[in-house]
Each structure stands twice: as structure tokens, then as C-alpha cells.
Amino acid sequence: MNILLSFLPIIIILAVVIFVIFLTKTSLPKSIIQNHWVISGYIAILFISFGLTSFHPSSTIGKNVKVQDLEKENTNLYNAVMEGKAKGLINQYPNKKWSFSSYQGTQLNIELGKVEAYGARVVVKRKKINDHKIEVINFKSRASANGRELVAKPLGIKLLGNTLIIQKPKRLVLNYFEFKNVFSITQFTREQGIMGSSDFYEGSSLLYIKVPANVEVNDQSNIGIEYSK
Amino acid sequence: MNVIECKDVTKNYKRKKALNSISFQIEENKITGLVGRNGAGKTTLLKIIAGYMKEDSGELQVFGESPFNNLMASANTIFIHDQMEFSPALNLKEIFEAAENFYEKWDRERSFRLLHYFSLDPKQYYKRLSKGMKSTFNMIFGLSANCTLTIFDEPTTGMDAAVRKDFYRALLKDYLDNPRTIILSSHHLNEIEDLIEDLLLIKDGKELLYMPIADLKEWAIAVIGKSNVVNEWIGNKEMIHSKDMVQDQVYVVVRNDFSKVELEKAYKAGIKFSPVSSTDLCVYLTSKTKGGIDDVFS
Amino acid sequence: MSLVNPSLIQIVKKQYVYKLRAYMDLYTRLVLSQIVAILFSLNGLGMMGARGGVFEVSVHFYSADLVVIFSILWAFITAILTTTKAIRNGDFLFVTNRVSSNLSNILFLLTASFIGAATAMMSTYLMKVIIYYFMDHHYVDTQGPMEAPLELLFGIFTTTLYLFLFCALGYLIGVLVQLYKGFIFILPAIFIGTIFLREGNTGLVTSVFKFFFMETSLPIFITKVVITSCLLFICAMGLSNRMEVNQ
């Protein structure tokens, strides 16, 4: 479950020993004992901290999210995109857009860059008109770490001649602190305390490519390109 | 009314009998000296009076009640001893403020004047005081509390001679202003002799002598003369103390309860009398063996 | 002879006020132990690492758990210390009897529990501030089901109960040790023995732990703590009522 738990007895005993020595050692330096500033200063700092916390954001990354909701949203997005209704979704999902204009070719090869296959779905829509413009939208992969939404970096898109190269996004490395309520609260509220289990869910990325009407798309890397209506 | 009534009180420690069926009564508003050698049971007795300990058998009453676990007795008694340890978090002034809160008759003005007189800084912390200064502070604490029963257990330990003298003077002045029952323990009488009214002399946990100090001078007498003459004259009277002197002379201390006939007989036999000082008498009475230290070396 | 005759309640009140003031160094020790606990906690008490195709996440969990545990230890040892000679005899410098001394100790320990709990709960804000302003890290503040101020009060309340429970335990142990010094070695031996014997879920320590720490109903928890603490204190008072003052 948690590394902490298996070390708990040793931690407890160690802490007890340190404490007994510290607390029963009959004399702390007089300057500390008789100095009421230690106590009043500490309490003042606590109150100042209490005040300060109400001024800064409760979290610096992500927002609360449920894994089920993420899955549902991903399905909705996919379905909408497949039905060609992606336009309305652009503002609802984190994405990145590319646009390559004055494309003269009639063939478009899509291939994955030097990286191995990465779980991105590629959906192609052939536009009604021939505007020589290739538009790419990457709906970024979203993940949930302990119910906190994390958004991946976008895929890398390059157009070289008549080849569209999809590159795996840079790995998002996140290192953060998460505050958990103290056990004397979580015990009664049944929320996850520090001893509770943690979870991680990684969603998938969706790449939506709109090509001019006269352009033929070739799947060079066996990505399994799907075509929307 | 008697402030303390003690009847057949016995107290045992693990191996030793600290008090052995001791009995006495202490009257109101008297200064009583409690004298005995180290280990005679003085502190044990005082602790029982102060409610620190409980007697094993017998009965001890303070203000007509058993002092053990008794708030009334505690509120009217103050016990000053050399093991007092006040909180290290409080300075002398704060200790006095706390005491004022507890002891209704606390004399604040006097407490600070005494503190000033003995050059103790009210801002000083108790733990930082030297042994002698602690004793001085404890003494001021005991005097200022103004308790109906005030007990000092060897109060002058560590004090220098000047402070010691001042203390006894302060105690007497305070007593005259505010008569109350005071018990003063010491292992030498000469220090408190001029101060006390009554003397309670104890030995091996038992009272040996309890009388007004004024009567003590008359209580015993020293007899000096040729050993066979003196021994014959004394007969089977108890010798409190005897010492061999040069030329077959002996010095014997006996109870001073001779009849006129006996005294005349003594003069005829060439026996001389001399008074015994109270201090010496106490030493003789409480010594372990009749001969004293000389016997060890003879 | 005019005698003063104070009531028990008066004296308990006076002793309580005196103790709050005189045991100041115990609070200093609380502050120091909480600061140590905060420093230990800042690196995170638990950790989660996840590595997916495009993510590499490592989350350090932090909470006031360690601060509360240290405060519990402080409460436990403070209770033991109040039964030691130096402090117990301190009562006898002023007006007291054993009942008033015990009662004022219990009141003092209750106050100490509250102060320990309140500062422990407040320390979470200090940790948040340190992480936000002084550490180069993102952080996430999980909001429990309760509103923040209510949650703080709730936490102070339940933590006070925990601290008080351990005060009661410490007080009884302290009295036992005063009565028979051998307990200094016997009691820890029993405790450590039962932990390391790994008697599974049936062991005494485990059952006692579950009895309190796994209780999810607040009213039942309050009942358990109050009754247990009362029993422990009553035992301690009964045992100490004949105790003599020795130097």
C-alpha cells in the first residue's frame, strides 16, 4: 500500500526514543525555555500562515476531475469528431492547432516520426472544398493523478513535402506536492488520507486532420487512420 | 487550643523506623525548636505535620484534623525546607504573585521589602539562585505567607553568618507583629536557643525532652569530683554524660532533681557542681553512647 | 486562631491557573517538536510515482499527520512528566491536597491537549505557505468534503480528543512508575514486545489501535475516548491518593 506503513513501527519507536530524550532532558537552554517569544512567535506565524493561505490559489496545477468523467468525455469527443462535429468542441477540450496553406499536392503521406507507435487516434476529414489548406488539431491527452487533471504536451506535427510527420509529444514531467487532510479528519470523512491508495489514469490523444477535397491520404506507418463523415 | 497533637505516631521506611511512637502537643502561638541529630526523624515528623506523608500508626492532628489530604490544613500551614523547587518558568516576583493567590494572608509589601533587603532581584529566576540565596528566598517565602502554622526545616543551610543572624531577627520581629505557631528545626540548639520558647528534642524517632527552653538550664547539672566519691553519691541515678578527667576526677552530668539532704552530703564529700549549657546538654542527650567520641579512641 | 478554609473548587482553579503559567517550558517543547515534525513533513510523507506514455508524475503527499503524531507523543510525555516528583512536589509548595492536585493536572492536560491540537492543525497552513512561497514546486490542495473553517474546527476537536486520550494513558503510566520504578522497563518492554511479536490482527496493541483509529463514527469515537480517558484518570487518581511526597 504505502512504503510509510511498513516502516511505521520503526518510525514510531525511533520517534519515541528521540522524543523521550528530548522532552525529558530536564533542561533546555534557559534562553529558550524562558523566552516566551518562541511560543508567541510560533503562534503568530501560524496565524499569519492561516491568513496568507486564503490569498494564494488552492492549487497551482490542474483541476479536480473524476476518471469516469474523463473517459466519458474522451468518448464524447471521439464520437463528435467522427460525426464531423469537431468545430463546436474546440474550445471545450485542450488542443493545439496547425494549419498548412497552399498545399499543392494530391497525395498526403502520414507517418510517425522516429518514435514507436503512441496511442494517438488519427481521424481524417476530407473537406468539401479544395482550399489547398491542411488543418491539424491535436486534442491533447488528459490524465488523472489522484483525481487531479493533467494535460499532456501536444504532439509534434511537421509537414515535409507531401509527408505529414507525427511526433510523440515531449514527456510531461511533473513533480508536485499534494496536500492530504490529517488522519484525525479523514478517519471520519472517509476521504483518502496520506495512507490511502493513489491512482493514475492516462487518457489518449486525438489528432484530427482536415485535408482539401482533392487530397488522397496514405497511411505510411499503419496507424489505423479513421475517416469522419 | 493545641495546634498540633501527636500521639504515638510511628513511621517506617523500608528498613528503618523513622518515627517511633512519638507523642507531644504544640500550643498555639509558640515558637518551638525541634532539635535532634541527623536522621533522628525531624524531617519525617515535619513532613507528616505538613501533610506530605501519612503516619503508619498513631494519630497526628493539625488544627484538630489529620493533615494528610486536607486542604484546610494545607491552606493554613507552610513548610519551608531545603528541597523546595519552584518552577523554572517563573521569576521570583511571579512566584510571589502565585503564592499571594494561594495564601490568603500573604503579606506582599513585606515580601518585597525582605527581597530588597537581602538583595535578591525580583526578576531573577529561582533556578539561577545559589544555594544560600535559595534558602534566603525560601525563608522570605515562609515568613510572607503568614500561615497560622509556619514550619522551617533547617532553614539556614547554606546561608552565611550575616544572613543567618538577619533571618532569626526577621523571624522574631515578624512573630511579634504577627504571633503564630512556628516550628524551627535545627541540629544545633545554640543557633536557635535565644529565639525559641519550647524545645522538642528527639532521638531515634522518639521525643526525648519537651519543655520550655528556660527550664532546660535547670534540668541537668554537672557533677565533678573523685570518681569513686561521685559514683557512690550518684548511686543508681542515670548518668546523662560522663567523662574521665585528670587525677582520677570525673565529670558527670545528671538530672537536677536532688533533695536538699543529698546536696549537703555532696558538699561534704567535696563534690563540685557546675551548670550545663543547653547546647551541651542536647549533645549529651542525643549522643549515641554515653562516653561520646572519646570512647572510640580510648 | 483564625483559620482559612478554602473549597476544593477554589484551590483547583488556582492550581490550574498556576500550572498554565508555570509549565511554560512544556509548551516550548511542543513548539520545538512541531517545528521538527514540519521540517520532516516538508519532503512529503508519502509518494506516488506514475510513468505513462507522455506523463511522468511524481507526487509527494504532505499532511499534518506527523505533526499530530509528534503532538500526541508530546501530550503523552507531558502527562508522564506531570506525575514526576519535580512537578508533583511543586504543588505542595502551595495549598493543595492530592485530589486538587490531580484535578488541576487533568484540567491542565486538557488545555495542553487543546493547545497541541490547535497548533498541530494550524501547522498545515504553515506547511502550505512554505511550499507555496519557498519551494520551487507545484502543489495541489485537496479540499475535503467540509468547508475550510469548519474542517479546521473539526480537526482541532478530534485531535484534542486524541491528545487527551494519550495524556490519560501517560498520566496513569506516570503514576504507576512513581509507585514502582520497575515499570520504567517493564511497560516499554511489553509495548515493544507486542509490536514485534506480530501477532496479526488479534494482538492487544492492534486491537486498541483499531478501536480508536479505525472508528469512523464521530459520536462513537467521542464516547470511546471520553470513557477510556475517565477510566484511566480515575485509576491514576485512586493509585496516587495515598502517594507521599518524597525528596
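**View 1. Where chain A meets chain C.** Between chain A and chain C the count is 0 salt bridges, a salt bridge being a side-chain nitrogen of Lys or Arg within 4 Å of a carboxyl oxygen of Asp or Glu. This is a predicted model, in which local features need pLDDT of at least 70 and side-chain atom pairs count only at pLDDT 80 or more, while totals for chains, interfaces and linings use all residues. Residues are numbered from 1 along each chain as its sequence is written, chains are lettered from A in the order in which they are written, and side-chain values use heavy atoms, with hydrogens and water left out. Here 73 residues of chain A are in contact with 81 residues of chain C (contact: heavy atoms within 4.5 Å). About 7300 Å² is buried between these two chains, and carbon and sulfur atoms give 71% of that area; buried area is the accessible area (1.4 Å probe) that two parts lose on being put together, summed over both.

**View 2. Salt bridges inside each chain.** Over all chains, the whole structure holds 24 salt bridges. In chain A, Lys127(A) pairs with Glu135(A) at 2.8 Å, N to O. Lys127(A) is buried at 10% relative accessible area, whereas Glu135(A) is partly exposed at 24% (buried is under 20%, exposed over 50%, partly exposed in between, with a 1.4 Å probe and protein chains only). In chain B, Glu100(B) and Arg108(B) also meet in a salt bridge of 2.8 Å, N to O; Glu100(B) is partly exposed at 29%, and Arg108(B) is partly exposed at 48%. In chain C, the closest N and O atoms of Glu56(C) and Arg51(C) are 3.1 Å apart in their salt bridge. Glu56(C) is partly exposed at 28%, while Arg51(C) is exposed at 60%.

**View 3. A linked network in chain B.** Look here for Arg110(B), Asp174(B), Asp177(B) and Arg180(B), which are joined in a network of salt bridges. Side chains of opposite charge can pair when their charged atoms come close.

View 4. A search of the whole structure finds 0 disulfides over all chains, a disulfide being a pair of cysteine sulfur atoms within 2.5 Å. For Cys282(B), the nearest cysteine sulfur, that of Cys6(B), is 19 Å away; Cys282(B) is buried, at 4% relative accessible area. The sulfur of Cys167(C) lies 13 Å from the closest cysteine sulfur, in Cys230(C), too far for a bond. Cys167(C) is also buried, at 1% relative accessibility.
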